[in-house]
Structures are given as C-alpha cells and as structure tokens.
Amino acid sequence: MIKNTKMDSNKIFNSLWDDNVANRTIIKWNSTWLFQLNATKYNWAKSMYQVMIWNFWVPEKVKWLWEDAVQFKKTLSQDEQRAYKWILSFLIFLDSIQTVNLPNFNDRITAPEVNLLLSIQAYQEAIHSQSYSVILETVVDSQERDEIYYFWRNDKHLLERNEFIGWIYQDFLDNPSEQNFFRWIIWNFLLESLYFYNWFAFFDTLADQWKMVATDRMINYIRRDELTHVTIFANIMKEIRKEFPHIFDEEVIYDMFKIAVNQEIKWTKHILWWAIIWMWHENIENYTKRLANGRLNLLWLKPLYEWVVKNPYKHLERIQDQNSEKWNFFESTVTNYAQSSAMNWSWEF
C-alpha cells in the first residue's frame, strides 16, 4: 500500500544540496538544480535528448494542405467529415491539457537530464496544438472552427472524457500525495500511449485511400513525437519501480488501464459508429486492447487481454513498410529519425 506521504514541488536553488550522481534518484532527490549534463545517471534520458532535438519540426514543413481543403469538401463523405472534425477536437484537448500539465509534473522530477526531456515534451505539445490550428485554418471553414474547439460543450461523451482526464491531474495538485502522484504518472503514460492511436489510425486509413494525405503527414510528425513521450514515461515508471518500490503498485496500473481501455473503446465507437472502412466496432476493440497489451509490455508487465494478438488493421502495415511506393513521401521526413537502444519504437502501436 502506498503511504499518503506528500510529494513536495522542487525548490529553485539551494547551494547546500547534493549533485552527486551516485545519490541521484528520479524523484525525491535534493539537488542544486544546476544542469550539469556532463554527469548524468539515466543514460536513456541522454540518448532521448538527442533524438528529441533532432526531431525538431514546425507545421510549416508540411505542404499541400490546401489539397486536403479541396478533398475535404469534394471527396470525403459527411460521416468522414464529421469524424475528422470530432477527432481533431479531442486531439486539441489532449495536447492542450498536456502543455499545461507537464510543468507541474516536471516540478516533481529530480533528475536534471529528465527535466530537460519533459521541457522539450511540453514544447512539442505546444507545436502539436499549433499544428491542429494550421489544419483547421486551412481545411475547415472559419464558421466551424469554434464549434470544433468546443465540441465537448455539445457532446456529453466528450465532456465526460475530458473532465475525467482533468480530474486525475487536478486531484494530485489538490492533494499531492505519493499515491496520487503515482496515479498521475500512470495517466500521463496512458494519455500519451493509448488515447491518440485510434485517431492516428483513422487518418492513416483515410490516407491509405489517398484522402487527406497532407493531414496524415502532419499527424505522423505528431505521432513520432508521441512515441518519444511514451518512452519517457515508461522509463520514469521503471526507475520508480527500481528506486521507490513502495510507490509502484501493479494493481493500480491494471485498474487504470482497464478504465482507459473502456473509455477509449466507448468514445471511438461513438465517433465511428457508422463503421468507416476497416474501423468497425470489433476491430476498434481488438486494436485498443492489443495496444494496451503492448504498452504494458513496455513496463515489463503481463498483458491484460492475452487472447488479443493480431493487429486488425492490416492495411496500416503499409506505413511501416518503407519500401512501399505508396508511402515514399514519409521516407525523407517522418520515418527518417534516429533510434536508440533505450527505446521501443513501433508504428503499429
């Protein structure tokens, strides 16, 4: 059982604190807060720092969005248009709340090399928010934009989803105990590793039919960033398991995974109830549960859904095939990024 010990935020500076790497821990460590990056404890963080810097991008790198604007009106069905807008609404919320949330989380991490990663992540979340704005400004009529940003005001399912995520984060800020901190970490991991991927699959499915290809290219830049964010939180959780085993609670992880999987399946079915090609209800369930199994594997934990093995979205495997002519436009941009042995990359996840 996790004790109800308070998780204080980091102080700004104290000349008497300890910068000895041998004594450093991922949380609850006393530091001067000097970023002495020639002496780091967590090598995975040092490797990831280089990857995240090399992955720098801005929305303006993605061209031909105007072609998507034409396709959106002339080629997409009404159901596809509706899904496109509703999905963007949820993605906007996710990246917005992470931009605000991450500095609070970073304020409890006590390893400078990891603090740097979380600072870059917060910047990337802001870039993602800008990207969605660029998509909306280019593709969607101006009179519809506010409706998309605030779609949760008119959809009780999305409002409940957003409020639950906000409550998990706010609960720790109001009551910063170790127990709530651990739940906070898990939810950050779930948000980054589970909540985006049905929607990425939607845009990939459209692009597989040569629809909204520029939007999908933007989404793949975002997905590349999200994969680094998944790895950051997986490594943080593994370090906590090693250094503070009394905080690490597998039962809490599994309980929160079940909640997240059920929410994701319910919301995805709500958005895609008209069964866009490939994304039928059974496939949505299997894809989400298989994804959860893969995320638990990153934490060295057993799967929740052992019977779910196959990827129901076989058409998405073309994205992983860098030799496929259809996806050559990714080769010079999205798939050409650095990899580290400390990371577990997977496009199908």
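Start by selecting R153 and Y150: the charged end of R153 sits over the ring of Y150, 4.4 Å from the ring's centre. "Over a ring" has a set meaning here: NZ of Lys or CZ of Arg is within 6 Å of the ring centre and within 35 degrees of the ring normal.

Before you move on, a word on what you have open. It is a predicted model, where local features need pLDDT of at least 70 and side-chain atom pairs count only at pLDDT 80 or more, while totals for chains, interfaces and linings use all residues. Residues are numbered from 1 along each chain as its sequence is written, and side-chain values use heavy atoms, with hydrogens and water left out.

Next, pick R295 and Y197. The charged end of R295 sits over the Y197 ring, 4.8 Å from its centre. Helices here are DSSP runs (H or I, at least four residues), numbered from the N terminus. An α-helix has 3.6 residues a turn, so residues three or four places apart point the same way.

Now for the rings. Phe, Tyr and Trp rings (the six-membered one for Trp) pair if their centres lie within 6.5 Å; planes under 30 degrees apart are stacked, over 60 edge-to-face, and the rest tilted. That rule gives 27 aromatic pairs. Y197 and F200 make an edge-to-face one, 5.1 Å centre to centre with 80° between the planes. Y197 and F200 are both buried, where buried means under 20% relative accessible area, exposed over 50%, and partly exposed in between (1.4 Å probe, protein chains only).

For a ring cluster, select F90, F164, W167, W187, Y195, W199 and W267, which ring pairs link together.

Over to helix 3 (residues 78-106), where you'll find Q81. Is Q81 buried or exposed? Buried, because its relative accessible area is 18%. Its side chain reaches the backbone oxygen of F72 at 2.8 Å. Leaving out residues up to four places away in sequence, Q81 touches F72, K73 and L76; touching, or contact, means heavy atoms within 4.5 Å.

Stay in helix 3 for I97. I97 counts as buried because its relative accessibility is 14%. With the neighbours up to four places away in sequence set aside, I97 touches I165, G166, Y169 and L191. I97 and I165 are 68 residues apart along the chain, yet their C-alpha atoms are separated by 8.8 Å.

Last stop: helix 4 (residues 112-139), mostly covered, with 20 of its 28 residues buried.

Note on methods
Helices (H or I, at least four residues) and strands (E, at least two) are DSSP runs, numbered from the N terminus. The expected span of a helix is 1.5 Å times one less than its number of residues. A polar contact is a pair of N or O atoms within 3.5 Å; within protein, one must be able to donate a hydrogen and the other to accept it, and residues adjacent in sequence count only if both atoms are side-chain atoms.
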